[in-house]
Amino acid sequence: MLDFSILTNNIDLFLEGFKMTIITSLIALLCSFMLGTLLAVMRIAPIKPLNWIGTVYVEFIRNIPVLVIVFFTFLAGNFGGMTAGTIGLTIYTAAFIAEAIRAGIMSVPKGQMEAARSTGLTYGQAMRMVILPQAIKIVIPPLGNQFINLVKNSSLLAVVAGGDLMYQGDLISAKTYVTFDTYVFVALFYLIITIPLSLGVGFLEKRMARSN
Amino acid sequence: MDFLAPFIEVYKPDNLKFLLEGFGVTLKVAAISIVLSFIIGGLIGTLRYARIPVVSPLLAVIIETIRNLPLLLIIFFTYFALPEIGIEMEITSAAIAALTVFESAMLAEIIRSGLNSIEKGQIEAGRASGLSYIQTLRYIVMPQALRRMVPPIVSQFISLLKDTSLAVVIALPDLLHNGQIIYAQKGSYVAPVFVIVALMYFIVNFALSQIARRLELK
(Lines give C-alpha, C1' and ligand atoms only; values in the text may rest on other atoms or scores of the structure.)
Protein backbone atom coordinates (compact mmCIF):
# COMPACT_ATOMS: atom_id res chain seq x y z
CA MET A 1 0.00 0.00 0.00
CA LEU A 2 1.07 3.57 -0.59
CA ASP A 3 2.54 5.41 2.38
CA PHE A 4 0.36 8.50 2.56
CA SER A 5 2.54 10.08 5.25
CA ILE A 6 5.02 10.81 2.41
CA LEU A 7 2.33 12.97 0.86
CA THR A 8 1.03 14.62 4.02
CA ASN A 9 4.47 15.28 5.56
CA ASN A 10 5.78 16.87 2.37
CA ILE A 11 2.64 18.48 1.04
CA ASP A 12 4.30 21.92 1.00
CA LEU A 13 7.07 20.72 -1.30
CA PHE A 14 4.65 18.86 -3.56
CA LEU A 15 2.42 21.92 -3.87
CA GLU A 16 5.38 24.23 -4.42
CA GLY A 17 6.58 22.01 -7.29
CA PHE A 18 3.04 21.66 -8.65
CA LYS A 19 2.71 25.45 -8.71
CA MET A 20 6.07 25.90 -10.44
CA THR A 21 5.20 23.29 -13.06
CA ILE A 22 1.95 25.11 -13.88
CA ILE A 23 3.56 28.57 -13.88
CA THR A 24 6.55 27.65 -16.05
CA SER A 25 4.31 25.72 -18.47
CA LEU A 26 1.95 28.68 -18.80
CA ILE A 27 4.78 31.19 -19.31
CA ALA A 28 6.45 28.92 -21.86
CA LEU A 29 3.09 28.42 -23.64
CA LEU A 30 2.46 32.13 -23.88
CA CYS A 31 5.99 32.93 -25.09
CA SER A 32 6.13 30.03 -27.56
CA PHE A 33 2.71 31.03 -28.90
CA MET A 34 4.03 34.51 -29.70
CA LEU A 35 7.31 33.24 -31.14
CA GLY A 36 5.50 30.45 -32.99
CA THR A 37 3.03 32.88 -34.58
CA LEU A 38 5.90 35.10 -35.69
CA LEU A 39 7.73 32.10 -37.20
CA ALA A 40 4.58 30.85 -38.95
CA VAL A 41 3.98 34.26 -40.53
CA MET A 42 7.66 34.45 -41.53
CA ARG A 43 7.38 31.09 -43.29
CA ILE A 44 4.35 32.22 -45.27
CA ALA A 45 5.19 35.90 -45.92
CA PRO A 46 6.05 36.75 -49.53
CA ILE A 47 9.64 37.65 -48.57
CA LYS A 48 12.16 34.92 -49.36
CA PRO A 49 14.82 35.59 -46.66
CA LEU A 50 12.11 35.51 -43.97
CA ASN A 51 10.87 32.18 -45.37
CA TRP A 52 14.36 30.74 -45.08
CA ILE A 53 14.91 31.93 -41.51
CA GLY A 54 11.55 30.55 -40.43
CA THR A 55 12.10 27.21 -42.17
CA VAL A 56 15.63 26.74 -40.83
CA TYR A 57 14.51 27.53 -37.28
CA VAL A 58 11.54 25.16 -37.35
CA GLU A 59 13.32 22.27 -39.06
CA PHE A 60 16.45 22.53 -36.93
CA ILE A 61 14.74 22.86 -33.56
CA ARG A 62 12.12 20.18 -34.24
CA ASN A 63 14.81 17.64 -34.98
CA ILE A 64 16.97 18.00 -31.88
CA PRO A 65 16.11 16.82 -28.35
CA VAL A 66 14.53 19.37 -26.00
CA LEU A 67 16.99 18.31 -23.29
CA VAL A 68 19.91 19.42 -25.51
CA ILE A 69 18.27 22.86 -25.78
CA VAL A 70 17.54 23.09 -22.05
CA PHE A 71 21.12 22.13 -21.13
CA PHE A 72 22.44 24.64 -23.64
CA THR A 73 20.36 27.58 -22.37
CA PHE A 74 21.34 26.60 -18.82
CA LEU A 75 25.08 26.38 -19.52
CA ALA A 76 25.46 29.11 -22.14
CA GLY A 77 23.33 31.76 -20.47
CA ASN A 78 23.72 33.29 -17.05
CA PHE A 79 20.32 32.11 -15.84
CA GLY A 80 18.98 30.11 -12.94
CA GLY A 81 17.51 26.67 -13.64
CA MET A 82 13.92 27.85 -13.79
CA THR A 83 14.56 30.70 -16.24
CA ALA A 84 16.94 28.66 -18.40
CA GLY A 85 14.46 25.78 -18.45
CA THR A 86 11.54 28.00 -19.41
CA ILE A 87 13.57 29.63 -22.20
CA GLY A 88 14.66 26.20 -23.46
CA LEU A 89 11.07 24.91 -23.43
CA THR A 90 9.93 28.06 -25.27
CA ILE A 91 12.56 27.71 -28.00
CA TYR A 92 11.59 24.06 -28.54
CA THR A 93 7.80 24.38 -28.34
CA ALA A 94 7.71 27.47 -30.61
CA ALA A 95 8.86 25.30 -33.54
CA PHE A 96 5.91 22.94 -33.08
CA ILE A 97 3.40 25.73 -32.50
CA ALA A 98 4.71 27.49 -35.64
CA GLU A 99 3.88 24.40 -37.67
CA ALA A 100 0.40 24.15 -36.14
CA ILE A 101 -0.31 27.82 -36.85
CA ARG A 102 1.08 27.58 -40.38
CA ALA A 103 -1.27 24.66 -41.06
CA GLY A 104 -4.11 26.77 -39.65
CA ILE A 105 -3.26 29.75 -41.89
CA MET A 106 -2.97 27.50 -44.95
CA SER A 107 -6.45 26.13 -44.24
CA VAL A 108 -8.00 29.58 -44.65
CA PRO A 109 -9.09 29.85 -48.32
CA LYS A 110 -6.80 31.97 -50.55
CA GLY A 111 -9.75 34.15 -51.57
CA GLN A 112 -9.88 35.60 -48.05
CA MET A 113 -6.46 37.18 -48.45
CA GLU A 114 -7.29 38.44 -51.94
CA ALA A 115 -10.59 39.93 -50.76
CA ALA A 116 -8.92 41.60 -47.76
CA ARG A 117 -6.13 43.01 -49.93
CA SER A 118 -8.62 44.33 -52.50
CA THR A 119 -10.47 46.26 -49.79
CA GLY A 120 -7.24 48.18 -49.27
CA LEU A 121 -5.69 46.38 -46.28
CA THR A 122 -1.94 45.85 -46.34
CA TYR A 123 -0.54 42.29 -46.21
CA GLY A 124 0.22 42.69 -42.49
CA GLN A 125 -3.23 44.06 -41.71
CA ALA A 126 -4.98 41.37 -43.74
CA MET A 127 -2.94 38.70 -41.94
CA ARG A 128 -3.64 40.15 -38.49
CA MET A 129 -7.29 41.07 -38.87
CA VAL A 130 -8.66 38.59 -41.39
CA ILE A 131 -6.52 35.45 -41.71
CA LEU A 132 -5.15 34.86 -38.18
CA PRO A 133 -8.53 35.14 -36.36
CA GLN A 134 -9.94 32.44 -38.65
CA ALA A 135 -6.85 30.27 -38.39
CA ILE A 136 -6.87 30.34 -34.58
CA LYS A 137 -10.01 28.20 -34.39
CA ILE A 138 -8.35 25.35 -36.25
CA VAL A 139 -5.18 25.76 -34.22
CA ILE A 140 -6.76 25.40 -30.77
CA PRO A 141 -6.73 21.56 -30.50
CA PRO A 142 -3.08 21.21 -31.63
CA LEU A 143 -2.20 24.07 -29.25
CA GLY A 144 -3.85 22.11 -26.46
CA ASN A 145 -1.70 19.11 -27.36
CA GLN A 146 1.39 21.29 -27.27
CA PHE A 147 0.41 22.53 -23.84
CA ILE A 148 0.12 18.93 -22.60
CA ASN A 149 3.59 18.26 -24.05
CA LEU A 150 4.86 21.41 -22.33
CA VAL A 151 3.57 20.31 -18.95
CA LYS A 152 5.26 16.93 -19.43
CA ASN A 153 8.47 18.47 -20.80
CA SER A 154 8.60 20.96 -17.93
CA SER A 155 9.80 17.97 -15.88
CA LEU A 156 13.18 18.57 -17.58
CA LEU A 157 13.56 21.56 -15.29
CA ALA A 158 14.41 18.99 -12.62
CA VAL A 159 17.67 18.29 -14.47
CA VAL A 160 18.75 21.93 -14.15
CA ALA A 161 17.38 22.37 -10.59
CA GLY A 162 14.37 24.33 -11.80
CA GLY A 163 12.22 23.79 -8.70
CA ASP A 164 9.37 22.06 -10.57
CA LEU A 165 7.26 19.09 -9.49
CA MET A 166 9.78 16.47 -10.65
CA TYR A 167 12.59 18.33 -8.90
CA GLN A 168 10.67 18.50 -5.63
CA GLY A 169 9.87 14.81 -6.02
CA ASP A 170 13.58 14.04 -6.27
CA LEU A 171 14.26 16.10 -3.14
CA ILE A 172 11.51 14.31 -1.23
CA SER A 173 12.72 10.88 -2.29
CA ALA A 174 16.29 11.79 -1.31
CA LYS A 175 15.04 12.98 2.10
CA THR A 176 12.68 10.12 2.91
CA TYR A 177 14.46 7.25 1.12
CA VAL A 178 11.04 6.23 -0.17
CA THR A 179 11.35 6.62 -3.93
CA PHE A 180 8.51 4.41 -5.14
CA ASP A 181 5.69 6.09 -3.21
CA THR A 182 7.09 9.58 -3.82
CA TYR A 183 7.16 9.07 -7.58
CA VAL A 184 3.62 7.67 -7.55
CA PHE A 185 2.43 10.88 -5.85
CA VAL A 186 4.45 12.98 -8.33
CA ALA A 187 2.75 11.06 -11.15
CA LEU A 188 -0.68 11.76 -9.67
CA PHE A 189 0.06 15.50 -9.50
CA TYR A 190 1.04 15.47 -13.20
CA LEU A 191 -2.13 13.56 -14.10
CA ILE A 192 -4.26 16.16 -12.28
CA ILE A 193 -3.06 18.63 -14.92
CA THR A 194 -2.69 16.49 -18.04
CA ILE A 195 -5.76 14.22 -17.92
CA PRO A 196 -8.35 17.06 -17.93
CA LEU A 197 -6.36 18.77 -20.69
CA SER A 198 -6.31 15.56 -22.76
CA LEU A 199 -10.04 15.08 -22.30
CA GLY A 200 -10.65 18.70 -23.30
CA VAL A 201 -8.52 18.42 -26.42
CA GLY A 202 -10.19 15.13 -27.35
CA PHE A 203 -13.61 16.77 -26.97
CA LEU A 204 -12.61 19.74 -29.17
CA GLU A 205 -11.13 17.47 -31.83
CA LYS A 206 -14.29 15.40 -31.97
CA ARG A 207 -16.47 18.48 -32.20
CA MET A 208 -14.35 19.96 -35.00
CA ALA A 209 -14.39 16.67 -36.91
CA ARG A 210 -18.18 16.70 -36.74
CA SER A 211 -18.53 20.31 -37.89
CA ASN A 212 -16.45 19.60 -41.01
CA MET B 1 40.69 33.49 -33.67
CA ASP B 2 40.17 33.05 -29.93
CA PHE B 3 36.60 32.23 -30.69
CA LEU B 4 37.56 29.37 -33.00
CA ALA B 5 40.24 27.81 -30.79
CA PRO B 6 37.87 25.76 -28.58
CA PHE B 7 36.10 24.47 -31.69
CA ILE B 8 39.40 23.19 -33.10
CA GLU B 9 40.30 21.64 -29.74
CA VAL B 10 36.94 19.90 -29.38
CA TYR B 11 36.71 18.62 -32.97
CA LYS B 12 39.77 16.38 -32.80
CA PRO B 13 39.43 12.77 -33.99
CA ASP B 14 39.41 11.24 -30.49
CA ASN B 15 36.46 13.38 -29.38
CA LEU B 16 34.54 12.85 -32.60
CA LYS B 17 35.00 9.11 -32.27
CA PHE B 18 33.81 9.29 -28.65
CA LEU B 19 30.71 11.23 -29.72
CA LEU B 20 29.98 8.77 -32.52
CA GLU B 21 30.24 5.90 -30.04
CA GLY B 22 27.64 7.72 -27.94
CA PHE B 23 25.46 8.19 -30.97
CA GLY B 24 25.79 4.45 -31.62
CA VAL B 25 24.34 3.80 -28.15
CA THR B 26 21.52 6.31 -28.86
CA LEU B 27 20.66 4.56 -32.14
CA LYS B 28 20.90 1.09 -30.63
CA VAL B 29 18.69 1.87 -27.64
CA ALA B 30 16.18 3.69 -29.87
CA ALA B 31 16.09 0.84 -32.41
CA ILE B 32 15.54 -1.88 -29.79
CA SER B 33 12.87 0.23 -28.08
CA ILE B 34 10.97 0.96 -31.28
CA VAL B 35 10.87 -2.73 -32.26
CA LEU B 36 9.64 -3.75 -28.79
CA SER B 37 7.16 -0.85 -28.72
CA PHE B 38 5.82 -1.78 -32.13
CA ILE B 39 5.12 -5.34 -30.99
CA ILE B 40 3.58 -4.36 -27.63
CA GLY B 41 1.85 -1.25 -28.99
CA GLY B 42 0.51 -3.25 -31.95
CA LEU B 43 -0.98 -5.83 -29.64
CA ILE B 44 -2.51 -3.25 -27.30
CA GLY B 45 -3.78 -1.06 -30.15
CA THR B 46 -5.48 -4.04 -31.80
CA LEU B 47 -7.05 -5.18 -28.51
CA ARG B 48 -8.41 -1.66 -27.94
CA TYR B 49 -9.72 -1.52 -31.50
CA ALA B 50 -11.50 -4.87 -31.10
CA ARG B 51 -13.60 -3.45 -28.21
CA ILE B 52 -13.35 -6.49 -25.97
CA PRO B 53 -15.42 -5.95 -22.79
CA VAL B 54 -13.33 -5.18 -19.67
CA VAL B 55 -9.98 -5.67 -21.49
CA SER B 56 -10.28 -2.73 -23.92
CA PRO B 57 -11.48 -0.15 -21.35
CA LEU B 58 -8.81 -1.32 -18.89
CA LEU B 59 -6.11 -0.92 -21.55
CA ALA B 60 -7.52 2.51 -22.41
CA VAL B 61 -7.03 3.65 -18.80
CA ILE B 62 -3.45 2.31 -18.67
CA ILE B 63 -2.51 3.82 -22.05
CA GLU B 64 -4.00 7.22 -21.23
CA THR B 65 -2.23 7.29 -17.87
CA ILE B 66 1.16 6.54 -19.43
CA ARG B 67 0.66 8.99 -22.29
CA ASN B 68 -0.12 11.76 -19.84
CA LEU B 69 2.99 11.29 -17.71
CA PRO B 70 6.40 12.85 -18.38
CA LEU B 71 8.85 10.36 -19.87
CA LEU B 72 11.49 11.64 -17.46
CA LEU B 73 9.33 10.48 -14.55
CA ILE B 74 8.97 7.03 -16.13
CA ILE B 75 12.75 6.79 -16.57
CA PHE B 76 13.42 7.85 -12.97
CA PHE B 77 10.73 5.45 -11.78
CA THR B 78 12.14 2.50 -13.71
CA TYR B 79 15.68 2.99 -12.52
CA PHE B 80 15.25 4.34 -8.97
CA ALA B 81 11.83 3.22 -7.74
CA LEU B 82 11.40 -0.29 -9.14
CA PRO B 83 14.40 -1.66 -7.18
CA GLU B 84 12.40 -0.90 -4.01
CA ILE B 85 9.93 -3.61 -5.04
CA GLY B 86 12.68 -5.99 -6.13
CA ILE B 87 12.93 -5.17 -9.86
CA GLU B 88 16.51 -4.17 -10.58
CA MET B 89 17.90 -3.40 -14.03
CA GLU B 90 21.23 -2.11 -15.23
CA ILE B 91 21.28 1.26 -17.01
CA THR B 92 20.79 0.18 -20.63
CA SER B 93 17.96 -2.24 -19.81
CA ALA B 94 16.26 0.34 -17.60
CA ALA B 95 16.48 2.92 -20.41
CA ILE B 96 15.07 0.47 -22.95
CA ALA B 97 12.31 -0.64 -20.55
CA ALA B 98 11.24 2.94 -19.75
CA LEU B 99 11.30 4.05 -23.39
CA THR B 100 9.39 0.92 -24.43
CA VAL B 101 6.64 1.49 -21.85
CA PHE B 102 6.19 5.10 -22.98
CA GLU B 103 6.47 4.53 -26.73
CA SER B 104 4.22 1.44 -26.65
CA ALA B 105 1.45 3.67 -25.32
CA MET B 106 2.10 6.18 -28.11
CA LEU B 107 2.25 3.49 -30.83
CA ALA B 108 -0.88 1.76 -29.50
CA GLU B 109 -2.80 4.97 -30.21
CA ILE B 110 -1.27 5.35 -33.69
CA ILE B 111 -2.16 1.76 -34.51
CA ARG B 112 -5.66 2.02 -33.11
CA SER B 113 -6.44 5.18 -35.11
CA GLY B 114 -4.87 3.56 -38.20
CA LEU B 115 -7.23 0.59 -37.81
CA ASN B 116 -10.16 2.93 -37.14
CA SER B 117 -9.45 4.77 -40.40
CA ILE B 118 -10.42 1.69 -42.41
CA GLU B 119 -14.11 1.84 -43.32
CA LYS B 120 -16.40 -0.49 -41.40
CA GLY B 121 -17.78 -1.79 -44.71
CA GLN B 122 -14.45 -3.55 -45.30
CA ILE B 123 -14.97 -5.69 -42.19
CA GLU B 124 -18.57 -6.44 -43.13
CA ALA B 125 -17.47 -7.43 -46.64
CA GLY B 126 -14.72 -9.61 -45.22
CA ARG B 127 -17.09 -11.31 -42.81
CA ALA B 128 -19.72 -11.74 -45.52
CA SER B 129 -17.22 -13.52 -47.74
CA GLY B 130 -16.83 -16.14 -45.00
CA LEU B 131 -13.65 -14.98 -43.21
CA SER B 132 -13.59 -15.05 -39.40
CA TYR B 133 -13.17 -11.75 -37.49
CA ILE B 134 -9.47 -12.47 -36.86
CA GLN B 135 -8.91 -13.40 -40.52
CA THR B 136 -10.66 -10.22 -41.65
CA LEU B 137 -8.41 -8.14 -39.38
CA ARG B 138 -5.31 -9.95 -40.55
CA TYR B 139 -5.87 -10.12 -44.31
CA ILE B 140 -8.10 -7.12 -45.01
CA VAL B 141 -7.89 -4.41 -42.34
CA MET B 142 -4.24 -4.73 -41.22
CA PRO B 143 -2.53 -4.50 -44.63
CA GLN B 144 -4.46 -1.34 -45.54
CA ALA B 145 -4.08 0.23 -42.09
CA LEU B 146 -0.33 -0.49 -41.93
CA ARG B 147 0.28 1.54 -45.07
CA ARG B 148 -1.47 4.54 -43.49
CA MET B 149 0.42 4.09 -40.22
CA VAL B 150 3.93 4.25 -41.68
CA PRO B 151 4.32 8.07 -41.65
CA PRO B 152 3.16 8.55 -38.02
CA ILE B 153 5.31 5.60 -36.95
CA VAL B 154 8.40 7.19 -38.56
CA SER B 155 7.54 10.47 -36.76
CA GLN B 156 7.25 8.56 -33.52
CA PHE B 157 10.68 7.04 -34.16
CA ILE B 158 12.08 10.57 -34.52
CA SER B 159 10.52 11.46 -31.16
CA LEU B 160 12.03 8.31 -29.68
CA LEU B 161 15.50 9.19 -30.98
CA LYS B 162 15.18 12.59 -29.32
CA ASP B 163 13.65 11.12 -26.15
CA THR B 164 16.55 8.70 -25.74
CA SER B 165 18.62 11.72 -24.65
CA LEU B 166 16.57 11.82 -21.42
CA ALA B 167 18.34 8.65 -20.32
CA VAL B 168 21.41 10.77 -19.51
CA VAL B 169 19.73 11.29 -16.14
CA ILE B 170 20.50 7.64 -15.34
CA ALA B 171 23.94 7.95 -17.01
CA LEU B 172 23.22 5.99 -20.20
CA PRO B 173 26.44 6.58 -22.23
CA ASP B 174 24.58 8.04 -25.23
CA LEU B 175 25.44 10.99 -27.49
CA LEU B 176 24.39 13.72 -25.04
CA HIS B 177 26.13 11.97 -22.13
CA ASN B 178 29.42 11.67 -24.03
CA GLY B 179 29.06 15.32 -25.03
CA GLN B 180 28.68 16.23 -21.35
CA ILE B 181 31.91 14.39 -20.54
CA ILE B 182 33.77 16.45 -23.16
CA TYR B 183 32.41 19.87 -22.17
CA ALA B 184 32.97 19.13 -18.50
CA GLN B 185 36.73 19.46 -19.21
CA LYS B 186 36.60 23.18 -19.97
CA GLY B 187 34.00 25.95 -19.89
CA SER B 188 34.77 27.11 -23.42
CA TYR B 189 33.95 23.64 -24.79
CA VAL B 190 30.20 24.03 -24.14
CA ALA B 191 29.32 25.80 -27.40
CA PRO B 192 31.41 23.59 -29.73
CA VAL B 193 30.05 20.41 -28.11
CA PHE B 194 26.44 21.53 -28.36
CA VAL B 195 26.89 22.52 -32.01
CA ILE B 196 28.18 19.10 -33.03
CA VAL B 197 25.77 17.14 -30.78
CA ALA B 198 22.79 19.10 -32.12
CA LEU B 199 24.00 18.61 -35.69
CA MET B 200 24.30 14.84 -35.25
CA TYR B 201 20.76 14.56 -33.91
CA PHE B 202 19.55 16.93 -36.61
CA ILE B 203 21.08 15.11 -39.57
CA VAL B 204 19.56 11.74 -38.68
CA ASN B 205 16.17 13.10 -37.60
CA PHE B 206 15.87 15.46 -40.54
CA ALA B 207 16.62 12.62 -42.96
CA LEU B 208 13.97 10.49 -41.24
CA SER B 209 11.43 13.33 -41.32
CA GLN B 210 12.02 13.77 -45.06
CA ILE B 211 11.35 10.05 -45.55
CA ALA B 212 8.15 10.39 -43.51
CA ARG B 213 7.09 13.36 -45.64
CA ARG B 214 7.80 11.46 -48.87
CA LEU B 215 5.72 8.54 -47.61
CA GLU B 216 2.89 10.87 -46.60
CA LEU B 217 2.70 12.35 -50.11
CA LYS B 218 2.36 8.92 -51.71
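In the predicted model, helix H4 (residues 71-81) of chain B is largely enclosed by the rest of the structure, because 9 of its 11 residues are buried. The buried residues of this helix are Leu71(B), Leu72(B), Leu73(B), Ile74(B), Ile75(B), Phe76(B), Phe77(B), Thr78(B) and Tyr79(B). They pack against elements of both chains: helix H8 (165-176) and H9 of chain A, together with H5 and H7 of chain B. One of the buried residues of H4(B) is Leu73(B). Leaving aside neighbours within four places in sequence, Leu73(B) is in contact with Ser155(A), Met166(A), Tyr183(A), Val186(A), Ala187(A) and Tyr190(A).

The largest nonpolar core has 116 residues. Those with the most contacts inside this core are Val68(A), Val70(A), Leu72(B), Leu73(B), Ile75(B) and Val197(B). In soluble globular proteins, nonpolar side chains tend to be buried together.

The contact between the chains takes 26 residues from chain A and 28 residues from chain B. On the side of chain A that touches chain B, helix H3 (48-62), helix H4 (66-76) and helix H9 (179-211) of chain A each supply at least two residues. H9(A) gives the most to this side, with 10 residues. By residue class, the side of chain A that touches chain B comprises 19 nonpolar, 5 polar and 2 charged residues.

Chain A as a whole contains 9 helices and 0 strands. Its elements, read from the N terminus on, run α-α-α-α-α-α-α-α-α. The C-alpha trace of chain A spans about 70 × 45 × 25 Å along its principal axes. Of the 212 residues in chain A, 45% are buried. Among the contacts in chain A with a separation of 6 or more, 72% are between residues 24 or more positions apart.

Two packed helices are described by the angle between their axes and the distance between the axes. Within chain A, helix H2 (residues 11-44) and helix H7 (residues 123-153) have axes that come within 11 Å and cross at roughly 140°. H2(A) is therefore oblique to H7(A), as an angle must be over 145 degrees to count as roughly antiparallel. The crossing of H2(A) with H7(A) is right-handed. On H2(A), the contact is made by Thr21(A), Ser25(A), Ala28(A), Leu29(A) and Val41(A), and on H7(A) by Met127(A), Phe147(A), Leu150(A) and Val151(A). These residues divide into 7 nonpolar, 2 polar and no charged.

Within chain B, helix H5 (residues 91-116) packs with helix H7 (residues 133-163) at an angle of about 150°, and the axes are 9 Å apart. The angle makes H5(B) roughly antiparallel to H7(B). The two helices H5(B) and H7(B) cross in a right-handed manner. The H5(B) side of the contact consists of Leu99(B), Glu103(B), Met106(B), Leu107(B), Ile110(B), Ile111(B), Gly114(B) and Leu115(B). These meet Val141(B), Ala145(B), Arg148(B), Met149(B), Pro152(B), Ile153(B), Gln156(B), Leu160(B) and Asp163(B) in H7(B). The residues of this contact comprise 12 nonpolar, 2 polar and 3 charged.

The loop between helix H2 (13-49) and helix H3 (55-67) of chain B contains Arg51(B), and Val54(B) is found in the loop between H2 and H3 of chain B as well. Phi of Arg51(B) is near 50°, a positive value in a residue other than glycine. For Val54(B), another residue other than glycine, phi is positive too, near 65°. Arg51(B) counts as exposed because it has 9 C-beta neighbours inside 10 Å. Val54(B) is exposed, with 7 other C-beta atoms within 10 Å; the cut-off for an exposed residue is 12 or fewer.

Leu215(B) is placed in helix H9 (residues 190-217) of chain B. This residue counts as partly exposed because it has 15 C-beta neighbours inside 10 Å. Not counting residues up to four places away in sequence, Leu215(B) touches Val150(B), Pro151(B) and Val154(B). Leu199(B) lies 16 residues from Leu215(B) along the chain, and the C-alpha atoms of the two are separated by 24 Å.

Terms used
Residues are numbered from 1 along each chain as its sequence is written. Chains are lettered from A and ligands numbered from 1 in the order in which they are written. This is a predicted model: local features need pLDDT of at least 70, side-chain atom pairs count only at pLDDT 80 or more; totals for chains, interfaces and linings use all residues. Helices (H or I, at least four residues) and strands (E, at least two) are DSSP runs, numbered from the N terminus. A residue is buried if 20 or more other C-beta atoms lie within 10 Å of its own, exposed if 12 or fewer, and partly exposed in between; C-beta atoms are placed from the backbone. Two residues are in contact if their C-beta atoms, placed from the backbone, lie within 7 Å. Ala, Val, Leu, Ile, Met, Phe, Trp, Tyr, Cys and Pro count as nonpolar, Asp, Glu, Lys and Arg as charged, and the others, Gly among them, as polar. A nonpolar core is a set of buried Ala, Val, Leu, Ile, Met, Phe, Trp, Tyr and Cys residues joined through C-beta atoms within 7 Å. Axes are lines fitted to C-alpha atoms, for helices over the stretch in contact, and angles run from 0 to 180 degrees between N-to-C directions. Angles under 35 degrees count as roughly parallel, over 145 as roughly antiparallel, 65 to 115 as roughly perpendicular and the rest as oblique. A crossing is left-handed if the near helix is turned anticlockwise from the far one by less than a right angle, and right-handed if clockwise.
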